[in-house]
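Student: I would like to learn how to read a helix and a strand in a model. Could we look at one together?

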Amino acid sequence: GEPDSCPHGGPIPPADRVMTEQCLASLDSGVRGRVTRISPETVERLQRVRRLGLLPGTRLRLIEQTKDDIDVMITQERSRVKIPTEDASAIWIEVF
């Protein structure tokens, strides 16, 4: 087939985005959304966010944000995870 996006959520071929994305680290508590991509990506970051279950397509709700990390609820699995702020700044969200 011809996928619309790479495994990291980047469009194939790159195209103008019609949705409005925001960095997870910039969102307020209570915001709901869907992970659209991880960027900038490193092997280590991709491994960490994968272990947390935050791949493109994952729906979430931001619970709380502190200086060091962000607490989110992954809505499909009803599980809470803490994301280091450094990683949260590379997780892009389509806000609902």
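Student: Which residues of helix H1 (residues 43-52) are buried?

Tutor: This is a predicted model. A residue counts as buried when its relative accessible area is under 20%. In H1, the buried residues are Arg 45, Leu 46 and Val 49.

Student: How do the buried residues of H1 lie when seen down its axis?

Tutor: They fall within an arc of 100°, so these buried residues line one face of the helix. On the other side of H1, the exposed residues are Val 43, Arg 50 and Arg 51.

Student: What do the buried residues of H1 pack against?

Tutor: They pack against E2, helix H2 (85-88) and E6.

Student: What follows H1?

Tutor: Gly 53 does, and its phi is positive, near 85°.

Student: Now the strand. How many of the seven residues of strand E2 (residues 32-38) are buried?

Tutor: First, the general idea. Side chains in a regular strand alternate between the two faces of the sheet. In E2, five of the seven residues are buried, so this strand is largely enclosed by the rest of the structure.

Student: Which strands are joined to E2 by bridges?

Tutor: Strand E3 (residues 59-65) is joined to E2 by three bridges, and the two run antiparallel. Within this pairing, Gly 33 has Leu 60 in E3 as its bridge partner. Strand E6 (residues 91-95) is joined to E2 by five bridges, again antiparallel.

Student: Which residue in E6 stands opposite Arg 34?

Tutor: Glu 94 does.

Terms used:
Residues are numbered from 1 along each chain as its sequence is written. This is a predicted model: local features need pLDDT of at least 70, side-chain atom pairs count only at pLDDT 80 or more; totals for chains, interfaces and linings use all residues. Side-chain values use heavy atoms; hydrogens and water are left out. Buried means under 20% relative accessible area, exposed over 50%, partly exposed in between (1.4 Å probe, protein chains only). Helices (H or I, at least four residues) and strands (E, at least two) are DSSP runs, numbered from the N terminus. Two strands pair if DSSP finds at least two bridges between them. The arc is that of the directions from the helix axis to the C-beta atoms. Contact means heavy atoms within 4.5 Å.
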